[in-house]
Amino acid sequence: MSIEADPPAGAATPAADGTETPAATGAPLVVAEHLTRVFGRGSTAVRAVDDVSFELRRGEITTVVGESGSGKSTLARMLLKLLPVSSGRLVFDGADVTGRTDTTAYWRQVQAVFQDPFSAFNQFFTVRRLLARSRRLLGAELTEQRMLDALEQVGLPAGDVLGRYPHQLSGGQRQRVMIARALLMRPSLLIADEATSMLDASLRATILNVLTDLRDRAGLTILFITHDIGQACYVSDQVLVLSQGRLVEAGPAERVIFDPRHDYTRKLLADVPRLHDAG
Ligand SMILES: Nc1ncnc2c1ncn2[C@@H]1O[C@H](COP(=O)(O)OP(=O)(O)OP(=O)(O)O)[C@@H](O)[C@H]1O
Ligand SMILES: [Mg+2]
């Protein structure tokens with residue numbers, strides 16, 4: 001099976017004058033090699049993620065796109081070490097973490113936000129109390145100032161938000177609080193699994209802006225997961241297209257979106273009217 005992939009953007013390429021463009025991003029933060037996850041056995045086995053290889057370059061947003069059931073969340077859970085890999089290798093920041101089990105240290109570097117921010121809230125807890133739960137991992141490092149900084153990083157009026165209860169926040173604000181909670185760890189990788197799927201279009205845009213801001217200002221590496229390839233064009237540097245657990249296309253966002261090479265990618269794009277309207 002062919003994978004429509006471009007050479008990594010960070011790779012030095014000879015320019016017309018013979019000089020080399022420097023590798024922009026250095027060593028990748030994440031290298032996934034032949035990642036595979038099988039659920040079940042024998043004739044009922046599902047290869048939820050099947051021989052998927054890619055790199056996440058530092059300070060870039062990579063979008064994983066694919067239909068429901070294509071294996072996006074399974075891939076995310078393997079990267080988060082919430083789910084062991086069936087086979088393959090995972091390298092994080094230069095170290096092989098495939099079999100690593102000390103997740104406490106790992107989760108300070110790799111944080112995630114999920115689809116439904118409301119489910120993570122206790123309705124009787126203020127934002128301060130929700131964020132304070134990170135004390136389990138952070139201990140005395142978790143100061144009030146660190147909470148304020150994290151809330152400011154996601155564009156919330158920090159002092160005002162700390163004392164609020166979930167019902168006093170909009171859906172978009174709740175999702176920003178969840179991103180702030182992830183940022184408390186000062187992670188180098190943030191995984192956002194359908195983090196915008198339950199928001200309406202304008203709130204979705206604010207979250208996408210938060211993510212691009214975090215990339216541009218804090219140099220955060222982000223894995224953005226969505227079933228809507230239309231969102232990928234707003235935020236991504238790199239796009240990975242999953243179909244039935246296989247990586248069918250991978251490359252720079254602009255190339256994948258405006259010059260898709262795989263029929264499955266074309267099919268996803270055909271379902272996005274906006275892109276055609278934009279010409
Ligand atoms: N714990 C599990 N046990 C058995 N099968 C599973 C399990 N988790 C996922 N699967 C199967 O693996 C495949 C991929 O599921 P996954 O949740 O990764 O897809 P997804 O791309 O995240 O879908 P969605 O867009 O609906 O979130 C599906 O066929 C799913 O039924
Ligand atoms: Mg999913």
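A polar side-chain atom of T74 lies 2.5 Å from an oxygen atom of ligand 1. The model is predicted. In it, the protein covers 59% of the 630 Å² of accessible area that ligand 1 has on its own.

**Polar contacts of ligand 1**
- The backbone of S73 places an N or O atom 2.9 Å from an oxygen atom of ligand 1.
- For S70, a polar backbone atom is 3.2 Å from an oxygen atom of ligand 1.

**Shell around ligand 1**
- The residues around ligand 1 include the run E67, S68, G69, S70, G71, K72, S73 and T74.
- F39, V46, A48 and E194 are also among the residues around ligand 1.
- By class, 6 residues of this shell are polar, 3 are nonpolar and 3 are charged.
- Helix 1 (72–79) and strand 3 (46–56) each contribute at least two residues to the shell.
- Helix 1 gives the largest share, with 3 residues.

**Largest pocket**
- The largest pocket holds about 550 Å³ of space.
- It is lined by 19 residues, of which W107, Q111, A112, F114 and R181 are the closest to its centre.
- The lining divides into 13 nonpolar, 4 charged and 2 polar residues.
- At least two lining residues come from each of strand 7 (110–113), helix 4 (135–138) and helix 7 (171–183).
- Strand 7 supplies the largest share of the lining, 4 residues.

Key. Residues are numbered from 1 along each chain as its sequence is written. Chains are lettered from A and ligands numbered from 1 in the order in which they are written. This is a predicted model: local features need pLDDT of at least 70, side-chain atom pairs count only at pLDDT 80 or more; totals for chains, interfaces and linings use all residues. Side-chain values use heavy atoms; hydrogens and water are left out. A residue is near a molecule or strand if one of its heavy atoms lies within 4 Å of it. A polar contact is a pair of N or O atoms within 3.5 Å; within protein, one must be able to donate a hydrogen and the other to accept it, and residues adjacent in sequence count only if both atoms are side-chain atoms. Accessible areas come from the Shrake-Rupley method with a 1.4 Å probe; for residues, only the protein chains shown count as cover. Ala, Val, Leu, Ile, Met, Phe, Trp, Tyr, Cys and Pro count as nonpolar, Asp, Glu, Lys and Arg as charged, and the others, Gly among them, as polar. On a 1 Å grid over the protein atoms alone, a cavity is a set of points where a 1.4 Å probe fits but cannot get out, and a pocket is an open set with protein on both sides within 12 Å along at least five of seven lines; lining residues have an atom within 4 Å of a point. Grid points are joined across faces, edges and corners, and a volume is the space filled by probe spheres set on the points.
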